[in-house]
Amino acid sequence: MVQHTQQVLEWPVLIDYLANEAASTMGAACCRALVFASDLQTARIQQQETTEMVDMLEGTHSLPSLVFPDIRNALARAEKEGILDGQDLRDIALVVGLGHTIRHHLEIHGSSYPMIRTRCLNLQDLLWIKQVIDSCIDPNGHLRDSASPELYQLRRKSQDLRQTMRRQLEGMLASQEYEDLLQGQYFAERENRYVIPIKVERQHALDGIVHDISGSGATVFMEPRHLIELNNSIKFADLQVAQEERYILQDLSSRVSEHVCSISENLSCLADIDCLMAKARLSIKTHGSPIHLNQGHCIDLQQARHPLLALTKEQVMPNSIRIEGNTTVLIISGPNAGGKTVSLKLVGLFAMMAKVGLHPTCGPNSKMALFGQVFADIGDSQDLRKDVSSYSGHILNMITLLKNIELPVEPVNQDVLVLLDEVGSSTDPIEGAALAEALLIRLCELGCTVVATTHYPGLKTLAFRNPHVRNASQEFDLVTLAPTYRLIDGIPGGSSALHIAGQLGLDSSIIQSAQLLIKRQDLDFDTIFRALQSTRTRLERECEQAKHLRQEAQRLCDEAKGTRDQLKVQEQEDRQRYRKQWQQELSKAQRYLNQIVNDLKRNKTLSKVKSIQQTISTLNQEMLSHLPDTCLVSSESLHEGDLVEIDALGTIGILQESLEGKKLVSIRVGNQTIKTTPSALRRATPTSSNKSLYGQQRLSGKRSPSAICTEASSPASNQAGGHYQHELVIRGFRLDDAMEMTLAALDHALVTQAKYLKVIHGQGSGALRRGIRTLCQSSPYIQSFRAGDLAEGGDGVTVIELR
């Protein structure tokens, strides 16, 4: 039954395709001798090995081609202490060298392919054998002159003697003494002795030995007597060479015989690897995928294609086949020549491929149960020699099947896959349908997974009466009146026998007569099945279109959201940039106006100075009123943790406390804390440049002693106590950042017409102190500066007096 199943599923044909992918005859033999895995672990390992080999062949570290000869006969002779010839030794060296190459390759690149690397651990490193053989045997299988010093001397002696013989023979051929005797101007070898062609009628004129006669009888080949001694010397030298060659070959053969077992193991391992590479090449050629194996009855094949069709046709209709959950029987119906048997064989071949490590031709997420046995009854079982009709053949196959299932020969995996083509056919339709239904129910009760094809209406409706049965149908196009080979899950299909007969050219009058003979009930069934199939196809098409439209709408929505967010960020960044530009212009104008004030101060026109200062103050208010503040809100709505901007400095930070009842509030900027009046704050919207800062600062509750303290509302400053209206803390900042903060603080002090600015830079390395005081020396807006006294902070503070 097993052999019959393999034949009807065309398993040998698939194996032939696999064997043709092997590079060696032994690899091809391994392909034809594949053994089905009997347990889930072994089957999964085989699948993984093929997957790794596919990755290796498609990657940058592919194994070399395993083209090697079959040396089993040579190893058998060596094991019996026979002498191997040069070609046998050359082939053994090739196999040993290839084993070393594969082992070395996997030692370097095998970490990514653990299964293959484990398989190749059996390869023993016998490179020294190859090196010994290669030192004696050339690539053509001939002994090298350098194989031994004695061989070199003996071959040299033989060649010298032959050269001497050739010179003497060439002299004879050129001599007038032999001109009338010679049949031609050449010499030859007969029985490894040099001879010359003599006319048969003149043979008695030359003293010598006749070794041969030409086919025409006109020429005799004679060895002149005076060359006999030289020919003897050549013969003796050749015998010495042959004896030395035999000794060398015997020595090499004995070395090989000591390691026959190791070489045989390497040979077997190379054949297994070649078989594995053949599996990978077949997977690549058919676009196969590793399948997820399970111990239950689950079959879920996505985008499955018959492997033999995938090998012979460019376009194959992919289908999905599903048997899972409570379903154990799948009944496939539909038109003749619509692909039912193809789907049936596909399931059987996939079940067998999964057990030998072959990748089925299906989608990557497919699933297949590991079946201990696969039985198939497909095609005509008629055998006239045994007086077995088609029906009898099917029944006998079923009897054998039931015996094997109910009384297994050995305790193996009892999960059984049964494939039945046109179950219950070749007999009376009513009795056949009843027998088929009873058989399917019996197989279901025995725990078998069954896939069956049928045209019987009774079997098509079995799924509505039995929860373990599921329908599927091959689609029939009602427009073209032709099968599409597409499998539709969940609904039965009509046979469309009359339509197909018409397509094949049967007389239309016969078809019309047949339509009148069909019972109304049967015709209604067929009409309902076709309508269900048409509706299912339409709904699937509309669902697919809706899915594409939904995906497109989601894509457009995501793009719109992304564009909106980008525009918001860009708008915020533009506003910040424009605000800074305004502030720069304001600072520039302020410095210019301060210069005018200083000039006026030097002219001692105090009344005029006050007038200009009033004008400047008014101008400042007007310019500030023109600053863009669309992205900012009143400080009254600010709360602790909000992202705010210090208006005068253009600095973004996090509000650290509530504004209620406070003259000064703390703002977290980076690792520093700035104190300023609530009126100087505005809400800022997070942008791409400050979002990460915003998140970090909200998570951090630490406070720093560094601060800018501004008391613009205080009418005076307590300089004697070391307190000033404007204080800037830059301790801990980089020099560039500290200089930028100092310039901003100077601008702010000038705008508010402050007299002093206290900069707290700390002692540290002195870099900040030197930078600040260098700035004070070059700034036209600073009248003087000094280090702080002890009460103010000493040399860690610089007090700046503005003009």
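Analyst: Happy to! A word on terms before we start: buried means under 20% relative accessible area, exposed over 50%, and partly exposed in between (1.4 Å probe, protein chains only). This is a predicted model, where local features need pLDDT of at least 70, side-chain atom pairs count only at pLDDT 80 or more, and totals for chains, interfaces and linings use all residues. Residues are numbered from 1 along each chain as its sequence is written, and side-chain values use heavy atoms, with hydrogens and water left out.

The part I'd pick is helix α15, residues 429-445; helices here are DSSP runs (H or I, at least four residues) and strands are E runs of at least two, numbered from the N terminus. The 17 residues of α15 reach 24 Å from the first C-alpha to the last, close to the 24 Å expected at 1.5 Å a residue, where the expected span is 1.5 Å times one less than the number of residues.

Now to its two sides. Gly432, Ala433, Ala436, Leu439, Leu440, Leu443 and Cys444 of α15 are buried. They lie on the same side of α15 because they cover an arc of only 135° around the axis, taken from the directions from the helix axis to the C-beta atoms. On the other side of α15, Ile430, Glu431 and Glu445 are exposed.

What covers the buried residues? Among the elements doing so are β8 (329-333), α14 (390-406), β11 (416-420), β12 (449-453) and α16 (457-460). Finally, glycine 447 follows α15, with a positive phi near 85°.

Terms used: Contact means heavy atoms within 4.5 Å.
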